[in-house]
Amino acid sequence: MIDILRAGLLTTVQDLGRSRLREFGVASGGAVDPLACAVANRLAGNDPNAAALEITMGACVLRFASTTLVALAGADCHADLDGVPVWSWWRFPVTRGQTLTLRPARFGMRTYLAVAGGIEVPETLGSRSTDLAAGFGGFEGRALRDGDRIAIGQPSAAARKATLLGVRPPVWLSDPLAHRVRVLPGPEYDDFTAVSQKGFWTHPWHVTPNSNRMGYRLSGPEPLARKKNRSHDLLSHGVLPGVIQVPPSGQPIILLADAQTTGGYPKIGTVISADLWRLGQARLGSTLYFTECSAAEAHEALHEQRRYLAQIERALTWHDRGILTTSRVPAISRKR
């Protein structure tokens, strides 16, 4: 069990979401930064789709009621275990009664805590993710509160023997490029004026406070305007996380993990799948820049991300079996 002593701003149970249910009006949900969630789970010896805790902006305190192995990935919240520093993108053993404290991160938005055996909550529609809007999944369909107690799975024999170990993140969250995302022009891209098309790629876009897991509302120096002969209303149509819609205000909205399944606003672009994790780490008030991307480049970026995950998978497997040392595996690091 894990006792939630301080739940923080928003802490929920998430896995990689619900697949193939959008046609029935069910949001995919899941981790807003799926890459960090998958890496944290693998560090903890779990399947990448196991349920973990998504902790927004830190300020969270947890106490473990049993001995297990845990891992953190995503934003580094200057965490400590009973006063001893621990870091994001690392795994470490905890013993019964120890307290993990996460503080507000200097960079990044979300931290993922994976526990060997996963977070034990009922599976709903093929996932353990919390759907906050619909009020189901996760822990009673809601965000965690102070005083909650959540169950965890039994660690595997390999996890019980695992030692302190870390992996290198794909890019440091302090890198300004973490807020530059690649975008495919959308179906209604040509509906916008040449000035707005240029501004979409060149203007800085600020993530407004009126944003959440459903989507980031952006503000820019100039509203995006459609051509007069292309300003007709659109029928409601299917949308996905990453789609960038432009409402009548001209200020775009990027749909995120908990986004609705249909929408009627014109779509000027779509953030590529390989960069969704970057959105998950963009903080409220931060600045985003869009870079035009081709379909071939989007596929290559996704393959690159999969190669990164596969490298971690192989490296951890070989290391835990004693085949390779950390000095011979680029993806793994013991140094801090």
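How many bridges join strand β18 (residues 243-245) to β21? Three bridges join them, and the two strands run antiparallel. Strands here are DSSP runs of E with at least two residues, helices are runs of H or I with at least four, and both are numbered from the N terminus. Two strands pair if DSSP finds at least two bridges between them.

This is a predicted model, in which local features need pLDDT of at least 70 and side-chain atom pairs count only at pLDDT 80 or more, while totals for chains, interfaces and linings use all residues. Residues are numbered from 1 along each chain as its sequence is written, and side-chain values use heavy atoms, leaving out hydrogens and water.

Strand β21 also pairs with strand β14 (residues 180-185), again antiparallel and through three bridges. Gly269 in β21 is the bridge partner of Pro185, and Lys267 in β21 is that of Gln245. Because four of the five residues of β21 (residues 267-271) are buried (under 20% relative accessible area, with a 1.4 Å probe and protein chains only), the strand is largely enclosed by the rest of the structure.

The largest nonpolar core has 46 residues, of which Ile254 and Phe290 touch the most other members. Such a core is a set of buried Ala, Val, Leu, Ile, Met, Phe, Trp, Tyr and Cys residues joined through side-chain atoms within 4.5 Å. Helix α1 (residues 34-43) gives this core its largest share, six residues.

The pLDDT, the predictor's confidence in each residue from 0 to 100, averages 89 over the protein. It stays under 50 over residues 323-330. Where pLDDT is low, the predicted coordinates should not be read in detail.

Key:
Buried means under 20% relative accessible area, exposed over 50%, partly exposed in between (1.4 Å probe, protein chains only). Contact means heavy atoms within 4.5 Å.
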